[in-house]
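Here is a short briefing on salt bridges. The model and its sequence come next.

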Amino acid sequence: MTEKRIDLLSLDTHELTGLLTSWNEPVYRVKQIQRWLYHELADDFAAMSNLPQALRARLAQETRLGALTPLVTQKSADGLTQKTLFQMTDGQTVETVLMRYLDTPGSPAEAADAAQVTRRTVCISTQVGCPVGCPFCETGQAGFIRNLTLGEIVAQVLYFARQEKRAGHALPLTNLVIMGMGEPFMKFNVTWRALEAFTDPARLGLGARRITVSTSGYVDGIRQLAEKDLQVNLAVSLHAADDALRDELVPVNRKYPLRELMRACRDYVRATHRRVTFEYALMDGINDSPAHAQAVAQLLHGMLCHVNLIPLNPTSASAYRRTSAARVKQFENSLRAANIPTTLRVEKGIEIAAGCGQLRQQMSRRAAERQAA
């Protein structure tokens, strides 16, 4: 059955104002409702105590507070990483990850809910599946189903913000990364509206510099972002420094080859004066040789950028395997020797299938097995 109620999380200030005006409600109700949604993190209309009972009743009848139902939650052994698989009103599923980081020494298991956790990052999805089709990625192997709505994107963040607030954290979330399932720039307008919701002081009010958007290399989206007056961070999934290999690893390269991609990235830097982060997943015998490192250094020479090296998180259906620790270090040292700022990503949640799309596919396989039994 199609859900006919209006998702309030899909409405910006102008749209919410229009709705309430059509109900003959005073304009100041807009700020009251937004405060309950995004600052008090209310998940029930009954909690909105300064709204008239009649308005609360109408809101409950004609609108809803998001469209996600948690199905499965997995937590890492150290208590710092949590992945949740959500179901939407049409039955489709999407996953989101909360990553807690310790900035002081201590036992992770003891510190997960303590003051030592000073950074809480949510990695959100923008699509069910992904159209890019990277062969080493579980989401890419699953194929593409549909784009998420604005409300479905925002609801992922609010779910974990509520959770962390209930745990007693005064600042529930500190950072957002749009690096989950899907290509954020395939539907740039929806992603941009989500960024507005995240940074709008009347809504979530996060600092733009605490938000990172990751693209597989959609040049059109990079250029559109460069024109916007919002200092969010840009990350690009590189994974190879020549077109032949990148065509295989990141198929969108066939539409936007490296020459166009790098031109767009350099133009982005010139327009925004902000560096670009290049994500590079290291795969054993595929893209991890000294020659590959040299090619990456040449490609990025002279650019305001940063390389984030990622030991591949292998998936069940992929033949690609992670590079050895020794070769990862060699690759890292080669880039640094070429004066390319480089870090090795801290791995989070491998034992709970925290990689993009892994929990969703895991649950889908189990469901198929039960049906076949």
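The whole structure holds 19 salt bridges, each a side-chain nitrogen of Lys or Arg within 4 Å of a carboxyl oxygen of Asp or Glu. This is a predicted model: local features need pLDDT of at least 70, side-chain atom pairs count only at pLDDT 80 or more, and totals for chains, interfaces and linings use all residues. Residues are numbered from 1 along each chain as its sequence is written, and side-chain values use heavy atoms, with hydrogens and water left out.

**Bridges between separate elements**
- Arg100 and Glu164 form a salt bridge, N to O at 3.0 Å.
- Arg100 sits in strand 5 (residues 93-102) and Glu164 in helix 6 (residues 150-166), so this pair ties together parts 64 residues apart in sequence. Helices (H or I, at least four residues) and strands (E, at least two) are DSSP runs, numbered from the N terminus.
- Both Arg100 and Glu164 are buried, meaning under 20% relative accessible area; exposed is over 50%, and partly exposed is in between (1.4 Å probe, protein chains only).
- Asp267 pairs with Arg223 in a salt bridge, with the closest N and O atoms 2.9 Å apart.
- Asp267 belongs to helix 10 (residues 258-272) and Arg223 to helix 8 (residues 219-226), so the pair links parts 44 residues apart in sequence.
- Asp267 is partly exposed at 24% relative accessibility, and Arg223 is partly exposed at 31%.

- Arg336 and Glu332 meet in a salt bridge at 3.0 Å, N to O.
- Both lie in helix 12 (residues 325-337), 4 residues apart, about one turn of the helix.
- Arg336 is partly exposed at 42% relative accessibility, whereas Glu332 is buried at 4%.
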